[in-house]
Amino acid sequence: MTKIKFFQGLLNSLFDKPKINKSLNFLFEKKKSLTTSEYVENVVSAKGEVSALSHAELLISHCERLNDKELINFFEILRKNFEVNSDDLYLATQNYKSEKTSENLIKLMKLSEPLRRDIFTRCNGITRGTIRLVNLRKRLLELIKKKPELKAVDYDFVYLFKNWFNRGFLILRPINWETPAHILEKIIAYEAVHEINSWDELRTRLAPKDRRCFAFFHPAMQDEPIIFVEVALTKEIPSNIQNVLQKERVFLDPEEAKAAVFYSISNCQKGLTGISFGNFLIKQVATDLSYEFKNLKNFVTLSPIPGFRNWMRNKYPKLDAKIEKIKKSDQLSKIKDDLLTCLGEYFFKSERSDKMPNDPVARFHLGNGASLEQINFIGDSSSNGIKLSGGLMVNYLYDLEKVEQNHETFVTEKKINISKNAKNSLIKYYKEID
């Protein structure tokens with residue numbers, strides 16, 4: 001235990017951000033308020049480490065006060081004034097082409113990166129700089145909808161975040177009823193799949209002996225979960241989410257469990273959209289649980305099909321209108337054949353240019369090497385489940401010995417790995433399944 005604490009302390013110290021001594025700020029204060037351009041220029045022109053951090057702190061604090069219109073101006077300044085210098089880059093390319101030395105290559109690589117990345121890197125060094133940049137990108141993602149030309153700036157955020165948040169820096173922690181309250185509050189707030197409405201509901205997901213929750217943290221954001229997964233330990237692969245979430249049930253001894261069910265995976269930071277963590281999380285948790293409980297045979301999800309109703313609304317509006325009129329989930333039985341016919345088409349007839357599955361959750365799990373294991377009619381009888389997926393849910397199976405092979409098959413052949421069980425559930429309705 002002492003060794004673990006020492007290692008954690010050492011790791012955390014690597015990411016501790018130096019706190020800016022406010023007594024030094026008078027060196028940089030001006031009687032008149034600075035413009036956004038001046039704040040940016042001060043960060044760029046700073047020579048010493050202390051002055052660079054102080055100016056970076058002032059810039060981020062300034063940005064956090066800006067309204068959307070003013071923030072667009074900030075990002076436009078970065079886009080226009082701190083881009084790659086094409087003339088210098090061309091000259092460096094010609095120099096390297098004529099003389100392929102290490103020096104010329106290094107210069108070429110440096111000039112190929114936009115100067116604004118240095119600005120973001122300096123801002124990352126301030127107190128809570130990482131989470132503040134993540135929050136800044138969260139706002140940028142909203143602004144891009146109006147200003148698509150800002151995608152170049154967003155690309156730089158993604159480039160840096162993929163380096164700063166690589167798997168080697170992520171720390172897997174169990175979340176349980178003993179976890180500090182301020183972390184548990186964020187689990188409630190960030191739950192994106194099955195809403196948690198109270199502390200009592202949270203307790204039913206964390207406290208029982210047959211329930212687990214795990215989250216990834218980053219040393220620079222120790223109180224901010226990045227992504228978390230909720231797990232149910234069960235005897236069989238479940239077909240209904242209401243049975244998993246029910247409060248009144250017989251608790252299972254974990255040693256008797258045969259299946260680990262990942263029933264909710266929630267990304268916590270919108271500013272990290274596009275940075276993949278879930279694939280690492282699921283495989284790591286599955287591996288850890290397999291070591292802890294030797295009787296576990298199946299590692300599966302119980303997943304919604306969130307794009308299904310939107311697809312159906314455009315493709316089969318009459319059937320969608322029938323679902324819209326349904327008040328009770330058992331009424332779905334009247335249109336079961338039509339629903340499963342549509343589901344087969346939705347899964348196996350891609351309308352995307354890359355020929356990947358239409359459904360985003362399917363792309364995620366199948367891309368991670370899972371296989372489509374089971375189709376669950378009325379798997380989610382809640383109003384939200386009917387609204388998003390027509391009440392349907394699916395199980396994706398993570399066979400730890402086959403995930404790499406499945407991943408390769410899926411990526412190279414664009415072919416869905418499907419079990420005989422799932423195929424038999426759909427083939428009656430959709431004949432084009434291979």
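## Surroundings of N417

In this predicted model, N417 is in contact with L366, A370, S371, L372, N406, T409 and F410, when neighbours within four places in sequence are left aside. N417 itself is found in the loop that lies between α19 (403-413) and α20 (420-427).

The relative accessibility of N417 is 16%. Because buried residues are those under 20%, N417 counts as buried. N406, one of the residues in contact with N417, also places its backbone oxygen 3.2 Å from a polar atom of the N417 side chain.

## R132 in helix α8

Helix α8 covers residues 129-144 and includes R132. With a relative accessibility of 12%, R132 counts as buried, because the cut-off is under 20%.

The side chain of R132 makes a polar contact with the side chain of S61, at 3.2 Å. S61 is also among the residues that R132 is in contact with once neighbours within four places in sequence are left aside; the others are E57, I60, E64, I126 and T127.

## Packing of α8 and α9

Helix α8 also meets helix α9, which spans residues 151-164. The axes of the two helices come within 10 Å and cross at roughly 145 degrees. The crossing in which α8 passes α9 is left-handed.

On the α8 side, the contact is made by L133, V134, L136, R137, L140, L141 and I144. On the α9 side, K151, V153, D154, F157, V158, F161 and W164 take part. The residues of this contact divide into 11 nonpolar and three charged, with no polar ones.

## Nonpolar cores

The largest nonpolar core has 94 residues. Within this core, the residues with the most contacts are F74, F75, F308 and L343. Helix α8 gives the most to the core, with seven residues.

What does F308 touch, not counting residues up to four places away in sequence? F308 touches L339, C342, L343, Y346, D359, L388, S389 and L392.

Methods
Residues numbered from 1 in each chain as written. Predicted model: local features only at pLDDT ≥ 70, side-chain atom pairs only at ≥ 80, totals over all residues. Heavy atoms only, no water. Helix = DSSP H or I, 4+ residues; strand = E, 2+ residues; numbered from the N terminus. Buried < 20%, exposed > 50% of the residue type's maximum accessible area, 1.4 Å probe, protein only. Polar contact = N/O pair within 3.5 Å; in protein donor to acceptor, adjacent residues only side chain to side chain. Contact = heavy atoms within 4.5 Å. Axes fitted to C-alpha atoms, helices over the stretch in contact; angles between N-to-C directions. Left-handed = near helix turned anticlockwise from the far one by under 90°. Nonpolar A, V, L, I, M, F, W, Y, C, P; charged D, E, K, R; others polar. Core = buried A, V, L, I, M, F, W, Y, C linked by side-chain atoms within 4.5 Å.
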